[in-house]
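Subject: Structure for you to look at

Hello,

The structure is handed over below, and my notes follow it. Please read them with the model open.

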Amino acid sequence: MGTAEHGIPASELRREGSTWQGGRRAPPAWSDGYAAADLVLNAWLGRLTGHVSPAALALAWQDWASHLMLSPDKLAELSLLAGAGTAQWLQYGAAAVGGCGKEPVAPLAQDKRFADPAWQAWPWNMTSQGFLLAQQWWQRATCGVPGVAPHHTDVVTFVARQLLDAVAPSNFVITNPVVQQATIASGGRNLVNGALRAAQDVRKVLDGSRPPLAYAPGRDVAVTSGKVVMANRLVELLRYDPVTPTVHAAPILFVPAWIMKYYILDLSPHNSLVRYLVERGHTVYMISWKNPDGGDRDLSLEDYRRLGVMASIDAIVAQTGATQVNACGYCLGGTLLAIAAAAMARDRDTRLASMTLLAAQVDFTEPGELSLFIDDSEVRFLEAAMWQQGYLDTRQMAGAFQLLRSNDLIWSRRLRHYLLDLPDKDNDLASWNADATRMPYRMHSEYLRKLFLDNSLASMRYHVDGRPVSLTDIQLPVFAVGTRTDHVAPWRSVYKIVGLTDTEVSFLLTSGGHNAGVISPPGTAHRSYQIVTHAHDAAYVDPDRWEQGAPACEGSWWPAWESWLTAHAGPWVEPPAPLAGLGPAPGSYVLAP
């Protein structure tokens, strides 16, 4: 078989195929009309732009700038705001020399860049206040411009925030009093060590290496006893050993997202959700996804449903003799589980007893800040990079999530590492977060186009086995968990499951973010949650009214969910017969880099 440039098979350059539902084109690996030159150029350009489409950025900035020029009222407002801000800053500076004066702008609660007392002394207080006033002005400038598309407003605001974060005075020795104090105290050793650490990080980026995990699966985390009881080219199915003399009749299957490794649900013994359930008499099964490589480029969303969720349910029923299984999906795994449950309901497959969705979306009209990276231009640009290598690389995935919280995950980290000589504090969650995975080309393209761009699941246009599925067919009880500060799956988006299904939905909102909010064992400090069960025939309550009316409870949400799960887990029975298995948990897929 001939090859084209960069080792790409010539047969891939013009392979025919069908279009997506809704009229969208299929990914370039199996559709015609995509020229090799386009794909090679975009893949190469993506390496220079961090796989952000320059066309998408240019369109957003052009939309914003042209409408701003056509809005004299907005220009006048910004001029007045600039003048007032400058006057405030100068008045504050004059008063601050004498040790008094009220700060014109208070940083956001989550912004800790200027929290050190050193920033309160002159002239550093003027420096920080000048930056915060400029940040406030740009926020007003990028938002509320008449005529600008909402998506373009979000993109311009996001890019402006990134640029401002990059030039914040906390990032530079000459404008950061805390760094200057550390430099004097250490005789400059902090800067020397920081430069050496920066050089090491650059070398790792260039050669593609990564440091060993501080918490290794099978040694420090993912240590709950169990076995691999089924495997195929995409998953290993783990079953955990019972520790109680009797167990609930209905097992529970976890469907984690393949954007992460499963063991976030089985971290250290003290914060393992798997161990928590096993100790309470639940027979727990876990899907461990393979970390795909270029040879898995053609794996589809349907393959993940069929080889993952459905193959696991088949194995569980055969191994335990149970007639029904409780299923729990996390993040993208929850979306896949909802698709599988809707297809099963359509086909009168009654093997699911209940469905739990942890920080999982089924409607993508308001997907949060991730939508900044998802439009037609951006998806096509990203497809070119995936087409060339067969998958979305771990660094590409990590970069997108870091940009969403650049102040915390990029600039504050560089300040600690390179200027203050403060190493990261290792913990199991941070180590798991560094154990990144890849995404197969075809599956990820389908996910972005069918779910994000077309929203085909919520609009009953997502096809399984050639026929559309509808979430309204789901009749089994649903438990949905949203996390209050989630930037990946905003809780109001997660809440949409209440209006999209015709069944009883217990919705729980917990403190914390996408990961820390879910991994919240009893005893974790500063945790709280709200929960209300919405009957299938009750009138719809919007999320804001729900939040106002739902009673607040202190502590972890795990006991509330486990109590709900127990109500759907059947009577106590003897544990299922032990199996020889294919090897001990955590299996081999999770160990692959």
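**The sheet**

Strands β13 (residues 505-510) and β14 (residues 528-534) run antiparallel and are joined by six bridges. Within that pair, S506 has T533 of β14 as its bridge partner. Strands here are DSSP runs of E with at least two residues, helices are runs of H or I with at least four residues, and both are numbered from the N terminus. Two strands count as paired if DSSP finds at least two bridges between them.

Before going on, the provenance: this is a predicted model, in which local features need pLDDT of at least 70 and side-chain atom pairs count only at pLDDT 80 or more, while totals for chains, interfaces and linings use all residues. Residues are numbered from 1 along each chain as its sequence is written, and side-chain values use heavy atoms, with hydrogens and water left out.

β13 and β14 belong to an open sheet of ten strands with mixed pairing, in the order β1-β2-β5-β4-β6-β7-β12-β13-β14-β15. At its edges stand β1 (226-231) and β15 (552-554), each with a single partner strand, so one side of each has no neighbour in the sheet. From one strand to the next the twist averages 20 degrees.

Helix α9 (residues 301-320) lies across β1, β2 (235-240), β4 (252-255), β5 (284-289), β6 (325-330) and β7, and runs at about 150 degrees to β5. Axes are lines fitted to C-alpha atoms, for helices over the stretch in contact, and angles run from 0 to 180 degrees between N-to-C directions.

**Cores**

The largest nonpolar core has 118 residues, and F254 and W561 have the most contacts inside it. Helix α10 (residues 332-346) gives the largest share of this core, ten residues. A nonpolar core is a set of buried Ala, Val, Leu, Ile, Met, Phe, Trp, Tyr and Cys residues joined through side-chain atoms within 4.5 Å. Buried means under 20% relative accessible area, exposed over 50%, and partly exposed in between (1.4 Å probe, protein chains only).

Setting aside neighbours within four places in sequence, W561 is in contact (heavy atoms within 4.5 Å) with I252, F254, L273, L277, C328, T356 and F479. Another core, of 15 residues, lies apart from the largest one and has W119, W124, F131 and V179 among its members.

**The α3/α4 pair**

The axes of α3 (residues 72-97) and α4 (residues 124-142) come within 10 Å and cross at roughly 170 degrees. That makes α3 roughly antiparallel to α4, a label for angles over 145 degrees. Residues of α3 in the contact include L78, L81, W89 and Y92, and those of α4 include M126, L133 and W137. By class, the contact has ten nonpolar, six polar and three charged residues. Ala, Val, Leu, Ile, Met, Phe, Trp, Tyr, Cys and Pro count as nonpolar, Asp, Glu, Lys and Arg as charged, and the others, Gly among them, as polar.

**Backbone points to check**

- The W122 to P123 peptide bond is cis, with omega near 10 degrees; P123 is in the loop between α3 and α4.
- A585 and P586 are joined by a cis peptide bond with omega about 15 degrees; P586 is in the segment after β16 (572-573).
- A359, not a glycine, has a positive phi near 50 degrees. A359 is in the loop between β7 (352-358) and α11 (376-389) and counts as buried at 1% relative accessibility.
- M460, also not a glycine, has a positive phi of about 60 degrees. M460 is in the loop between α15 (441-453) and β10 (463-464) and counts as partly exposed at 46% relative accessibility.

Regards

Notes:
Angles under 35 degrees count as roughly parallel, over 145 as roughly antiparallel, 65 to 115 as roughly perpendicular and the rest as oblique.
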